[in-house]
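The points below are meant for someone opening this model for the first time. Please read them with the structure on screen.

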Amino acid sequence: MTTLDFISVRKTFGPTVALEGLDLNVRQGELISLLGPSGCGKTTALRIAAGFEFADSGAVHVANADISRTPAHKRNMGMVFQSYSLFPNLTVTDNIDFGLRTRRMSKTDRQRRVGEMLELVELTAFARRYPHQLSGGQQQRVALARALAVQPRVLLLDEPLSALDAKVRTTLRDEIRRIQTEVGITTLFVTHDQEEALAISDRICVMSQGRLEQLGTPTEVYRTPTTAFVARFVGSMNELSGTLSGPGEVSVLDVRLGAPHATGATGAAVTLLVRPEDLTLAETGLVGSVANVTFQGASTLVGVRLDVLDRLVSVDVGQGAADHLTVGDRVHVAVNAANAVCETVSQ
Amino acid sequence: MSAYKPRFGRVVPTIVLVISGLFFLAPLLTLARFALQNVPTILLGWSTLFDKWSISGLTKAFDDPAFWPALKLSLELAGGTVLLTLGLLLPTAIWVHMRIPKARALIEFLTVLPYMIPAIALVAGIVVVKPHARWFLDSDYALIPFYVVLALPFTYRSIDAGLRAIDLTTLVDASRSLGAGWIETLGRVIVPNLRAAIVSASFLTAAVVMGEYTIANTLLKETLPRFQRTFTGREPQAGYGLNLLALLVTVLLFAILSLVTKKRERSLISRLSRKPT
């Protein structure tokens with residue numbers, strides 16, 4: 001069973017704290033995404049797992065063995081980098097063969113393994129090409145094959161899709177997930193792209209300022225964010241100012257909303273964070289006028305400027321539901337605050 | 001939209017090029033005539049331009065019993081200097097690039113010092129330490145460390161430019177994640193991708209060694225430049241013939257270097273200009 005554990009890992013670079021006591025357990029065969037803005041410590045965590053950096057304190061375990069001080073080349077980790085990291089002087093075959101040669105495998109075994117990897121990433125026809133003769137997407141597939149060829153205990157992916165254009169990115173993302181599932185390898189995937197993390201992960205670890213903000217399945221992180229940071233960072237959010245009118249109840253203007261996650265003293269000023277799909281255009285609710293209508297293919301976002309709050313909110317309506325709306329139309333917005341995050345406003 | 005027209009057309013650049021070419025070639029041609037024409041200097045003119053060309057001057061140099069040992073020593077010194085320079089400089093430059101990139105400016109400054117401080121200053125230092133370090137300075141190969149210092153301004157720049165052209169950190173990390181230690185990473189990843197820079201640094205180092213006279217003379221080592229000097233004193237015509245040959249060999253080596261580097265640059269440009277899809 002290959003698991004990867006970060007145990008109270010702390011890392012600083014001079015006065016900057018990159019990781020502040022990170023605790024994370026990646027289960028056997030699981031793909032966890034480290035998601036967060038630039039500088040949140042996600043790449044540092046990955047580099048510590050790879051052995052390129054050492055933690056100031058805490059430990060990293062693989063399959064319950066402490067590898068905190070093991071040098072990178074003895075960790076048996078597979079890694080794919082953000083920038084194309086193929087060796088420019090070697091062909092695709094030789095790149096994939098690189099790690100096998102360092103392990104002193106026999107020529108026959110190496111050839112068989114390289115062939116398997118080329119088939120896995122569907123690049124057999126490109127075996128004799130050099131990296132500069134491949135597209136960005138192909139290069140990353142070779143990098144993935146090279147990383148997997150050595151049968152690593154853990155696969156580490158450091159924003160492998162960020163240098164690719166949107167279409168290739170989606171295709172390769174799905175391919176990475178297919179291969180990861182097929183091989184069944186424990187994987188840590190670093191990204192700042194929430195859509196990518198939501199699509200590919202078994203669980204997502206949202207990070208901010210070196211700390212773990214929330215760890216959960218994509219659905220949990222999206223539907224029930226535990227902190228205002230996660231709510232704002234993952235997906236889009238509407239912010240509604242109101243007051244706590246009782247336990248699990250928030251008043252926005254004169255509309256009372258059931259918000260089970262709202263806690264605090266009655267009368268406290270709060271901000272409710274609500275997803276666009278939890279707002280609907282209805283007969284009653286908060287009053288405002290249509291500010292814009294944005295067609296998004298499968299759905300349409302209607303921007304409504306609320307009258308008294310003077311705040312623009314986005315309402316996600318189904319296909320065709322906004323066809324009759326034009327800018328300036330008076331509408332009512334109903335709020336489902338069941339999953340809303342309630343943030344107390346400091347006075 | 002009209003195409004850009006140079007202010008002076010092509011005439012002025014052509015004139016400048018021709019004058020520069022003449023400025024460079026004329027002394028070489030006169031040197032060639034002096035060294036390789038068996039015509040008294042007073043008679044060297046247009047009328048004798050094609051008379052009595054001969055390489056007998058050169059063969060005279062080759063027949064001198066001191067020539068081949070001097071050439072051998074200089075080649076050994078060049079080889080030794082190249083090896084020591086690369087052995088010291090490559091790991092240092094890689095370390096600086098990977099671990100302390102902010103120190104690059106300081107290292108550049110330090111490596112340029114031998115260029116600013118004349119060799120004679122180094123010689124003065126050698127004279128001071130000579131009585132205390134005879135065990136070392138008596139060896140012919142004692143010149144190697146001094147030549148390493150003299151070649152630093154050229155070699156460091158060359159290696160540094162090569163390192164800047166590759167994504168060193170990522171390549172090293174990739175290699176290490178695949179199980180390669182530092183030595184294997186150096187041999188299988190870094191050196192092959194720095195081939196042009198290493199060739200360039202080696203040629204420049206060899207050129208410095210093959211032309212250095214001051215320190216060799218101070219330490220009384222019979223290197224090729226020292227032989228050339230004494231031989232030219234004895235046999236001016238043949239000596240200058242030898243100098244001309246040394247110059248032509250150097251030019252040829254640099255032409256080869258230029259070709260190798262250009263080929264590498266072209267490949268790099270084509271690699272960078274290919275947009276990933």
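1. A:Thr44 is a place to start: this residue lies in helix H1 of chain A, which covers residues 42-50. Helices here are DSSP runs of H or I with at least four residues, strands are runs of E with at least two, and both are numbered from the N terminus. A:Thr44 counts as buried because its relative accessibility is 14%; buried means under 20% relative accessible area, exposed means over 50%, and partly exposed lies in between, with a 1.4 Å probe and protein chains only. Apart from residues up to four places away in sequence, A:Thr44 touches A:Lys11, A:Phe13, A:Ala18 and A:Leu19, where a contact means heavy atoms within 4.5 Å.

2. A word on the basis of these values. The model is predicted, so local features need a pLDDT of at least 70 and side-chain atom pairs count only at pLDDT 80 or more, while totals for chains, interfaces and linings use all residues. Residues are numbered from 1 along each chain as its sequence is written, chains are lettered from A and ligands numbered from 1 in the order in which they are written, and side-chain values use heavy atoms, with hydrogens and water left out.

3. Chain A as a whole contains eight helices and 20 strands. Its C-alpha atoms fill a box of roughly 75 × 45 × 35 Å along the principal axes. Of its 347 residues, 51% count as buried. Among the chain A contacts between residues at least 6 apart in sequence, 66% join residues at least 24 apart.

4. Which residues does A:Ala145 contact, leaving aside its neighbours within four places in sequence? They are A:Ile96, A:Met117 and A:Val121. A:Ala145 belongs to helix H4 of chain A, residues 136-149, and is buried, with a relative accessible area of 0%. A:Val80 is 65 residues from A:Ala145 along the chain, and their C-alpha atoms are separated by 9.4 Å.

5. Two residues of chain A deserve a check of their backbone angles. Most residues other than glycine have a negative phi. A:Ala63, which is not a glycine, has a positive phi of about 50 degrees; this residue sits in the loop between strand E4 (57-62) and strand E5 (65-66) and is partly exposed at 33% relative accessibility. A:Asn76 also has a positive phi, near 55 degrees. A:Asn76 is in the loop between E5 and strand E6 (77-80) of chain A, and its relative accessible area of 21% makes this residue partly exposed.

6. Chain A has charged groups placed over rings. A:Arg146 lies over the face of A:Phe87, at 4.6 Å from the ring centre. The charged end of A:Arg275 is 4.0 Å from the centre of the ring of A:Tyr222 and sits over that ring. The criterion is that NZ of Lys or CZ of Arg is within 6 Å of the ring centre and within 35 degrees of the ring normal.

7. Over all chains, the structure holds nine aromatic pairs. In one of them, the rings of B:Phe62 and B:Phe67 have centres 5.2 Å apart and planes at 50 degrees, so the pair is tilted. Rings of Phe, Tyr and Trp (its six-membered ring) pair if their centres lie within 6.5 Å, and planes under 30 degrees apart count as stacked, over 60 as edge-to-face and the rest as tilted. B:Phe62 is partly exposed at 26% relative accessible area, whereas B:Phe67 is buried at 4%.

8. How many residues line the largest pocket? The lining has 24 residues, of which B:Met210, B:Leu224, B:Ala246, B:Leu247 and B:Thr250 lie nearest the centre. A pocket is an open set of points on a 1 Å grid over the protein atoms alone, where a 1.4 Å probe fits, with protein on both sides within 12 Å along at least five of seven lines; lining residues have an atom within 4 Å of a point. The volume of the largest pocket is about 610 Å³, taken as the space filled by probe spheres set on points joined across faces, edges and corners.

9. In chain B, helices H3 (67-99), H10 (195-211), H12 (224-234) and H13 (236-273) each supply at least two residues of that lining. H13(B) gives the most, with nine residues. B:Pro236 is found in H13 of chain B and is partly exposed, with a relative accessible area of 39%.
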